[in-house]
Each structure stands twice: as C-alpha cells, then as structure tokens.
Amino acid sequence: MKRLLLPALILFSGCSIDKTEKEKTSAVIKNHVDEKNIKKVTSSATTLEERIQKVESPDTYQYEKTHHISAIQKLAVDDPNAMFYIAALYEEGDLLPLSPEKARELYKKAADKGHTLSRYYLALMLIDGKGGEKNHSEAERLLLINHEKSHAPSSYSLAYLYFIHDDYENAAKLMESDKVEMNENNAYLLAISYLQLNKNTDKAVTLLHSSASKNHKYSHQTLGKIYRHGIHNTGQDLEKSYFHYTAAAKDNDPKVLYEIATLSFKYPFLIDNNYDIPLKQLTLAAKSDYEPATFQLAKLYDQGYQIKQDYQQAFYWYKKSAESGNNKAMYNLASMYANGDGVEESYEQAEFWLEESANHGNKRAIELLSQE
C-alpha cells in the first residue's frame, strides 16, 4: 500500500485487521466509546503526519483509525499530501471502500498542485486504464515532468511506456540518461531495448548478467533463452540456459516452468535422465492454466515416450488446452474420441472436435473434412 508519512516520505506496511484486533476493538467500543472518549483518544494527533502514523499503527483501534481517516479526508480538500494518502486508501480498498475512480480523481487533483508521487501514480492508472480510460500521451507528459525531477520510478515507467509502444530508441535513450541510476531493473530494460534494436548486444548481455547477479528474475529468464538458442552473438550453452531458467523459476512462474521443463525433456542429460523433475514443473505450469504447458503435458501422456502413457491424463489436458483455443489439442481430442483412447468412443464428439479444430485453422482437420 502506498501509505505516506509526510513530510519524511516513510512508507509503512499494511495494517489489516485480524480476528484478535476485531475482538479487541469490539470490546473497547462496547464499554468505552462515546463522543468524549473519541476526542480524548485522538486529541494527541493533530498534524497530517501524526494522523497517518495513527492510521498505520497496528496498535490503533479501528474506531480511532476511522476518526483519523475522516480528519485526513477533510484536509484533502486543499492539502495535496492528504489527497495523495486518501487516494492511496481508495486504490487499495482496505481502510476505505475500493474505488479506482475516486483514487484517480484525487491523484489528479494533487498532481495539478505539483505533487510528484500523485503524478506518478496517476500516470500508472492512465497507462493501465484503471479508474477510467487509458491515456498514454497524458501519462507520458506526467512521467516526463517527474523524470526531469530525477524521480527514479517515473523514469523507469516512462521507459517502459516507450518500450510497450515499440519505441526502443527512446526507451534506451532514457535509460542511458544521467538522471537514471543503473540498478537491476533499469539495466534489464536498457538491455532488452538494445536487443530489440539489435545493437550493443554484447553490452546488453553484460547488463543482463549484472542484473541476474542481483537475483533479477527477468534477466535470468532472458539469459536462459539466449543461451538455449545461442542468439545475440552468444554461443549455445545448454547448461547455462538451464542454470538461468532454474534461477528464474524460483517463484514458480508458469512460463518459466514450461521453458525449463521443455528444455529438460529435450536435453535429459541436464537432469540426469530424471524425468520426474520436469514432469512436476510442467504439471505445475499446466495447473496454473498456462496453455502451452497443458498441451505439452497432454502430448507427453499421449505418446508415453519419456513418461508412462496415460490416455486419461492426456484427454484431460488436451481438453483443457482445447478449451483455451488450441486447434491441435482439438484435433487430438477428435482422434481420442474416434479411437476411444482415455474416453468412451464417440464419433459424434470426434466430428464435433474435428470441426472445431478446422474452424480454428487446423490444416489437417480442414483437409480431412474436405474429403468427406
């Protein structure tokens, strides 16, 4: 949560109310709360900074938090710092009802008063279309103002905005600016901008290694791809690829799990022929609804080359893949229904999935249907 303690800009952790806190609050309210008591327990906090401290403190009773938030809302009529804080509460939806629209409105109001962080978070909402329509040109304008003020998160977000619009030249130029500190995130963005431009590729790989040494997941993932295919003037090195994919897979990202699993099945020497390892990785990716993993897992069970053949499992995962629009999975489902593999034989279902496969562009299915 972007909760701000001003003017020191100290960010606090969340303060959700657990069962014990609720019971404690309930007891206090029941026995003690009246208007005089509320004034008594809150009178010591008068500045915005002090009120935010009270709201953020896990030792503050819920009714006190409510009182302080109400007071901050009154300050938010004119104070951009209070506007920012209330906007953050609306955006997070924990202590105030979730309302991206109100958050965006307050961020804009504070941004118009020159509030740097409000400009930044408003820009993010404009990029994502959160709380209203997307407006990338306005987001760019706001981020440029902050970039000139050396606001690091804004510089990164602006470069990212250029990147997603395929403006790699401006993304790289921005990351090369003296106003940008070359941390692992900025180094990664600069590196992939270079790679997209197909220039400074040696420097790009060096930057990726630097970021990967700081446990930057996406740098590991990119290096895994580079070494797997031997691209960007880097020779193929399957062991390095496996190393980097493994490092990138520590948080079980389904896409990375898929990459490392398919690498392992193709080059089993990397795993000492222990197929249980990539099977678990691929299954986890498939259970996360990553479609390429569901289809690949179905094929493995269907073919039974590297793992035990299991038509029922193959059918289950083909069905999952087909429901995501994979025309090859649809075609294979038609075959399984026609042959009764892992499912009760049904020519009606076989024809249905064959037609679905053809409708989704599968050439083999189209040819078969044209022969009827």
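What is the volume of the largest pocket? About 400 Å³. Start the tour there.

Before selecting anything, note that this is a predicted model, in which local features need pLDDT of at least 70, side-chain atom pairs count only at pLDDT 80 or more, and totals for chains, interfaces and linings use all residues. Residues are numbered from 1 along each chain as its sequence is written, and side-chain values use heavy atoms, with hydrogens and water left out.

**Stop 1: the pocket**

Select Y188, I192, Q196, T222 and K225. Of the 15 lining residues, these lie nearest the centre of the largest pocket. A pocket here is an open set of points on a 1 Å grid over the protein atoms alone, where a 1.4 Å probe fits, with protein on both sides within 12 Å along at least five of seven lines; lining residues have an atom within 4 Å of a point. Grid points are joined across faces, edges and corners, and the volume is the space filled by probe spheres set on the points.

Now colour by helix. Helices are DSSP runs (H or I, at least four residues), numbered from the N terminus. Helices α11, α13 (217–229) and α15 (254–266) each supply at least two lining residues. The biggest share comes from α13, with 5 residues. By type, the lining holds 8 nonpolar, 4 polar and 3 charged residues.

**Stop 2**

Select T234. It sits in the loop between α13 and α14. Is T234 buried or exposed? T234 is buried, at 12% relative accessible area. The classes are buried under 20%, exposed over 50%, and partly exposed in between (1.4 Å probe, protein chains only). Leaving aside neighbours within four places in sequence, T234 is in contact (heavy atoms within 4.5 Å) with V205, I226 and Y227.

**Stop 3: two residues with positive phi**

Most residues other than glycine have a negative phi. Go to N198, whose phi is near 55°, a positive value in a residue other than glycine. N198 lies in the loop between α11 and α12. It is exposed, with a relative accessible area of 60%.

Next, N252. Its phi is also positive, near 60°. N252 is in the loop between α14 (238–248) and α15. At 41% relative accessible area, N252 is partly exposed.

**Stop 4: salt bridges**

How many salt bridges are there? The count is 9, taking a side-chain nitrogen of Lys or Arg within 4 Å of a carboxyl oxygen of Asp or Glu.

Begin with R141 and E138. Their closest N and O atoms are 2.8 Å apart. Both residues lie in helix α8 (residues 136–148), 3 residues apart, about one turn of the helix. R141 is partly exposed at 41% relative accessibility, and E138 is partly exposed at 25%.

Move to K199 and E169, a salt bridge at 3.7 Å, N to O. K199 lies in the loop between α11 (184–197) and α12 (201–212) and E169 in helix α10 (residues 168–175), so the pair ties together parts 30 residues apart in sequence. K199 is partly exposed at 32%. E169 is partly exposed at 46%.

Then pick K320 and D289, with closest N and O atoms 3.8 Å apart. This pair links distant parts of the chain, 31 residues apart: K320 in helix α18 (residues 311–323), D289 in the loop between α16 (276–287) and α17 (291–303). K320 is partly exposed at 29%, whereas D289 is exposed at 56%.

**Stop 5: the nonpolar cores**

A nonpolar core is a set of buried Ala, Val, Leu, Ile, Met, Phe, Trp, Tyr and Cys residues joined through side-chain atoms within 4.5 Å. Select I72, I86 and Y107. Of the 60 residues in the largest core, these touch the most other members. Helix α5 (residues 80–92) gives the most to this core, with 9 residues.

Centre on I72. Beyond neighbours within four places in sequence, I72 is in contact with L48, R51, I52, V55, A82, Y85 and I86.

Key:
Nonpolar A, V, L, I, M, F, W, Y, C, P; charged D, E, K, R; others polar.
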